[in-house]
Amino acid sequence: MLTFNGSFFMPSVFTLVGIPGLESVQCWIGIPFCAMYVIAVIGNSLILVIIKKENSLHIPMYIFLAMLAATDMALSTCILPKMLGIFWFHWPEISFDACLLQMGLVHSFQGTESGILLAMALDRYVAICNPLRHATIFSQKLLTHLGVGVTMRSAILSLPSLLLIKCRLKLYQTTVISHSYCEHMAVVKLAAENITVNKIYGLFVAFAILGFDIIFITMSYVRIFITVFQLPQKEARVKAFNTCVAHICVFLPFYLLAFFSFFTHRFGSHIPPYVHILLSNLYLLVPPFLNPIVYGVKTKEIRRHKLTKLYCVYI
């Protein structure tokens with residue numbers, strides 16, 4: 001690794017600290033993180049199997065749920081194995097290219113998850129506010145286009161962030177990343193060069209994906225709740241409300257933790273680093289862990305099929 005006036009020139013390896021200030025207890029923090037990951041993989045895998053095998057669940061709501069489950073597993077798998085390697089086996093090193101790859105995958109899957117949550121909100125909006133046209137609007141062709149669209153959107157918008165780091169930033173003040181995974185701003189802040197372009201583009205991507213999605217999700221649910229409270233039958237109101245509550249329980253933690261992590265990286269200098277890093281980790285681990293639990297409890301069809309499979313395994 002070359003050095004220039006105390007700076008590192010195009011380092012080949014970075015060192016991930018883990019959780020700054022909590023290094024002595026990281027081995028214990030890894031236990032609940034690992035448990036959450038195992039539950040997330042098992043729960044989301046079960047949802048994928050149930051939706052694949054049950055023809056009655058091959059409708060937009062559950063197809064989006066299957067897409068969300070697959071994205072959740074991919075997102076948590078991008079960070080947790082390396083994180084546990086730091087916590088338990090003291091393997092903090094990560095190559096520069098592997099760091100960029102992890103960063104790209106994490107931000108791509110984050111954007112994809114946000115897009116799927118938006119698609120689910122729009123699906124519920126049409127199903128409740130315009131039920132007669134739901135089957136026509138949410139055709140198989142539209143579902144395919146939405147799936148490809150949200151995936152390509154996040155990948156295309158995330159790629160320039162990686163190129164700006166790879167091509168623009170050559171000198172680094174240090175190679176030690178005060179984080180447990182390769183987060184965009186955590187890496188950019190190491191540079192000994194002007195990072196204004198990187199910061200501006202990071203803000204643009206955040207608002208182009210998360211900001212855009214949360215605005216339209218909020219608008220959809222406001223319109224949904226207005227329609228729900230106008231329904232004449234109490235049973236219809238309760239059923240529609242329960243469906244919406246499951247979706248809200250899923251997207252609320254995702255966006256709250258996302259925006260907290262985003263803003264503390266840029267404006268939260270007074271917040272202790274370990275608080276920020278812990279919540280940043282939970283932002284990527286809690287939604288994959290909670291989603292199968294929420295949908296397993298709140299969605300009657302998923303709950304019934306889960307209980308049937310568990311009964312068959314027990315027998």
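I searched the whole structure for aromatic pairs and got 14. My rule: rings of Phe, Tyr and Trp (its six-membered ring) pair if their centres lie within 6.5 Å, with planes under 30 degrees apart called stacked, over 60 edge-to-face and the rest tilted.

I looked up Trp-88 and Phe-89: centres 6.5 Å apart, planes at 85 degrees, so this pair is edge-to-face. Trp-88 is partly exposed at 32% relative accessible area, and Phe-89 is partly exposed too, at 46%. (Buried means under 20% relative accessible area, exposed over 50%, partly exposed in between, with a 1.4 Å probe and protein chains only.)

Next I took Phe-251 and Tyr-255, with centres 6.2 Å apart and planes at 70 degrees, so they are edge-to-face. Both Phe-251 and Tyr-255 are buried. Ring pairs also link Tyr-221, Phe-225, Phe-251, Phe-254, Tyr-255 and Tyr-283 into a cluster.

A note on what I'm working with: this is a predicted model, where local features need pLDDT of at least 70 and side-chain atom pairs count only at pLDDT 80 or more, while totals for chains, interfaces and linings use all residues. Residues are numbered from 1 along each chain as its sequence is written, and side-chain values use heavy atoms, leaving out hydrogens and water.

Then I turned to helices (DSSP runs of H or I, at least four residues, numbered from the N terminus). Phe-251 and Tyr-255 sit 4 residues apart in helix 8 (residues 234–267), about one helical turn. I also checked residues 142–165: the span is 100% helix, and its end C-alpha atoms lie 35 Å apart. For residues 200–222, also 100% helix, the end C-alpha atoms lie 31 Å apart.

Terms used. Helices (H or I, at least four residues) and strands (E, at least two) are DSSP runs, numbered from the N terminus.
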